[in-house]
Amino acid sequence: MTFPWDTVWSRLQPGLAELIAKATQADSRVHARQGRNQSTHFPFSAYVSFSLSRAPEADEALVVSIQCKRQDDERVLTSDLSRGSGYVLSDGPGRTIPMSDAGLDALLQWTDEVVSWLRSSTERVCQELRSMP
């Protein structure tokens, strides 16, 4: 069974875009990059990284990570907000799902939970970024 990663990405996009818009409006220094990728062990991975400079070599100040990891016949879904150093500030929704039709339903439900978590994390992201020198 293959999961619809394009659907997951399109469902995440409004929450990611809203978070980026609010963070960049809250602090003019903030620059955001987002993307998605995949590998053998991570069939889906998405991120938003925030830095306080537009320079390509600028350090990441905050990172939102959304991932799906292969684990035998299951998929482990995680999401978190961390500082650029890797220190996790907030764990988002996570779960382990089977590779089945029931897993597909759980994947889409988890995706919607991640979008809700992104929206509820917006103020924290803005506060963290404003507090950085």
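Let me start with helix 2, which covers residues 101-130, holds 30 residues and reaches 43 Å from its first C-alpha to its last, close to the 44 Å expected at 1.5 Å a residue. Please keep in mind throughout that this is a predicted model, and that the numbers I quote are computed from it. Although the span of helix 2 is close to the expected one, the helix does have a kink of about 45°, and that kink is centred on Ser121. At the N-terminal end of helix 2 there is a cap, provided by Ser100, with a side-chain oxygen that lies 3.3 Å from the backbone nitrogen of Ala102.

Side chains of opposite charge can pair when their charged atoms come close. In this model the count comes to 9 salt bridges, and I will go through a few of them. One of them joins the side chains of Glu123 and Arg130, at 3.1 Å from N to O. Glu123 is partly exposed, at 44% relative accessibility, and Arg130 is partly exposed as well, with a relative accessible area of 41%.

Which residue of helix 2 does Glu18, in helix 1, reach? The partner is Arg119, and the closest N and O atoms of this salt bridge are 3.0 Å apart. Because Glu18 lies in helix 1 and Arg119 in helix 2, the pair ties together parts that are 101 residues apart in sequence. Glu18 also meets Lys22 in a salt bridge, at 3.7 Å from N to O, and here both residues lie in helix 1, 4 residues apart, which is about one turn of the helix. Taken together, Glu18, Lys22 and Arg119 are linked in a network of salt bridges. As for how open these residues are, Glu18 is partly exposed at 26% relative accessibility, Lys22 is partly exposed at 39%, and Arg119 is partly exposed at 40%.

A pair of aromatic rings is described by the distance of the centres and the angle of the planes. The structure holds 2 aromatic pairs. For Phe3 and Trp5, the ring centres are 5.8 Å apart and the planes stand at 80°, and because an angle over 60 degrees counts as edge-to-face, that is the name this pair receives. For Trp5 and Phe44, the centres are 5.4 Å apart but the planes are at 15°, so this pair is stacked.

With which strands does strand 4 pair? It pairs with strand 3 in the antiparallel sense over 10 bridges, and in that pairing Leu62 has Arg83 as its bridge partner. Strand 4 also pairs with strand 6, residues 95-98, again in the antiparallel sense, over 4 bridges, and there Arg75 stands opposite Ile97. Finally, strand 4 is joined by 3 bridges to strand 5, residues 88-91, and these two run antiparallel, with Asp80 and Asp91 as bridge partners.

Most residues other than glycine have a negative phi, and most peptide bonds are trans. Asp72 has a positive phi of about 55° although it is not a glycine, and this residue is exposed, at 72% relative accessibility. In the hairpin of strand 4 and strand 5, which has 4 residues between the strands, a positive phi near 105° is taken by Gly86.

Conventions:
Residues numbered from 1 in each chain as written. Predicted model: local features only at pLDDT ≥ 70, side-chain atom pairs only at ≥ 80, totals over all residues. Heavy atoms only, no water. Phe/Tyr/Trp six-rings, centres within 6.5 Å; stacked < 30°, edge-to-face > 60°. Buried < 20%, exposed > 50% of the residue type's maximum accessible area, 1.4 Å probe, protein only. Expected span 1.5 Å × (residues − 1). Bend = angle between axes of the 7 residues up to and from the residue. Polar contact = N/O pair within 3.5 Å; in protein donor to acceptor, adjacent residues only side chain to side chain. Pairing = 2+ DSSP bridges. Salt bridge = Lys/Arg side-chain N within 4 Å of Asp/Glu carboxyl O.
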